[in-house]
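Student: I have a model open and would like to go through it. Can we take it one question at a time?

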Amino acid sequence: MRLQRHPTNPVLLPDLTSDWECYNVFNPAVVYHNGLFHMLYRAQGLDWVSRIGYAVSRDGVHWNRLRRPVLEPANAADSRGVEDPRVTLLEGTFYMTYTAYGRRFLGRGEPTHEGGGIIPMIARSENLITWEPIGPIVVGEDNKDHVLFPRKIGGRYAALHRRRPTIWLAYSDDLRTWREEDMAPIFGPRAEGWDSKSVGGNGVPIETEHGWLMLYHGYDADHVYRFGVCLLDLEDPRRVIRRPREPIFWPEELWELRGDVPNVVFSCANPVVDGTVYVYYGGGDHVIGLATCRLDELTDFALHAPE
Ligand code: BMA
């Protein structure tokens with residue numbers, strides 16, 4: 001089982017006429033809503049600060065983008081950029097989970113946190129254009145790759161997040177308060193193979209009758225990023241039902257093997273449209289690609305491929 005690259009790849013390139021997105025566009029969120037694909041993508045331009053841009057498409061391949069970013073740094077906690085958006089439609093509202101990358105606060109009178117200035121943030125929107133930050137999941141640690149599940153589980157909101165090198169699950173009653181006692185690890189790197197150093201979640205987990213189908217990324221000692229897939233229990237996603245051994249996608253094209261960072265495919269989006277999984281990903285932290293597969297084939301692979 002392999003994801004199939006779209007022949008039109010890459011589907012989004014940096015815009016050389018734009019100050020804020022002339023160098024890199026990558027790691028987008030994509031939601032399919034009311035017959036359109038909506039993309040929120042990470043972009044870097046002249047100042048190397050990451051911003052989030054918006055683009056829209058009828059077919060998921062050809063995109064029209066807005067001229068200005070929809071989310072930009074607003075304070076010292078995200079002054080070095082807003083990165084890696086993932087968007088979940090939950091109870092009729094869009095929630096973006098993204099990494100705020102700020103100054104490492106050390107001075108007196110300022111907030112102090114470790115973790116290199118990385119904060120896993122949540123923002124909300126009714127229209128995908130105007131975003132209101134509502135707060136972090138945790139502070140003070142290297143924590144990212146967080147994404148909300150598309151429905152409550154056991155009466156509570158649920159999110160994946162990553163405490164390097166392990167994927168965790170967190171619960172919250174209101175999306176604002178995330179307590180340590182409501183967090184637990186799901187799985188970490190395996191001893192050998194493509195995901196032996198670190199793992200993290202990709203896009204919004206896909207609900208199937210067999211469990212939550214979760215795409216994730218991992219890398220090895222050579223720092224090559226690949227994707228795998230696993231199945232989590234529907235009512236207790238901390239329980240891994242199956243985790244096939246083989247990856248389903250890895251860098252092969254020139255623009256994945258090279259780029260701003262070599263050997264990177266990195267995905268924050270896997271919307272399902274008419275039974276097809278659309279996996280959007282950054283190639284080389286530089287451009288945006290699309291790879292697809294049938295949902296039933298991916299589910300079959302997750303259920304039966306050797307572990
Ligand atoms: C991760 C994230 C991604 C990036 C990847 C590869 O830690 O920061 O934004 O695509 O590294 O460089």
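Student: In which strand does Asp 145 lie?

Tutor: This is a predicted model, where local features need pLDDT of at least 70, side-chain atom pairs count only at pLDDT 80 or more, and totals for chains, interfaces and linings use all residues. Residues are numbered from 1 along each chain as its sequence is written, and side-chain values use heavy atoms, without hydrogens and water. Strands are DSSP runs (E, at least two residues), numbered from the N terminus. Asp 145, a residue other than glycine with a positive phi near 55 degrees, falls within residues 143–148, which is strand 10.

Student: How much of the ligand's exposed area does the protein bury?

Tutor: Polar contacts here are pairs of N or O atoms within 3.5 Å. A ligand oxygen lies 2.7 Å from a polar side-chain atom of Arg 42, and a ligand oxygen is 2.7 Å from a side-chain N or O of Asp 84. For Lys 144, the side-chain N or O to ligand oxygen distance is 3.1 Å. Taken alone the ligand exposes 300 Å² (Shrake-Rupley method, 1.4 Å probe), and the protein buries 83%.

Student: Which residue pairs with Arg 65 in a salt bridge?

Tutor: A salt bridge is a side-chain nitrogen of Lys or Arg within 4 Å of a carboxyl oxygen of Asp or Glu, and the structure holds 27. The partner of Arg 65 is 3.1 Å away, N to O. Arg 65 is in strand 5, while the partner is 44 residues apart in the loop between strand 1 and strand 2. That partner is Glu 21.

Student: Which residue does a cis peptide bond join to Pro 165?

Tutor: Pro 165 lies in the loop between strand 11 (157–163) and strand 12 (166–172). Omega of the cis bond is about 5 degrees, and the residue joined to Pro 165 is Arg 164.

Methods:
Polar contact = N/O pair within 3.5 Å; in protein donor to acceptor, adjacent residues only side chain to side chain. Helix = DSSP H or I, 4+ residues; strand = E, 2+ residues; numbered from the N terminus.
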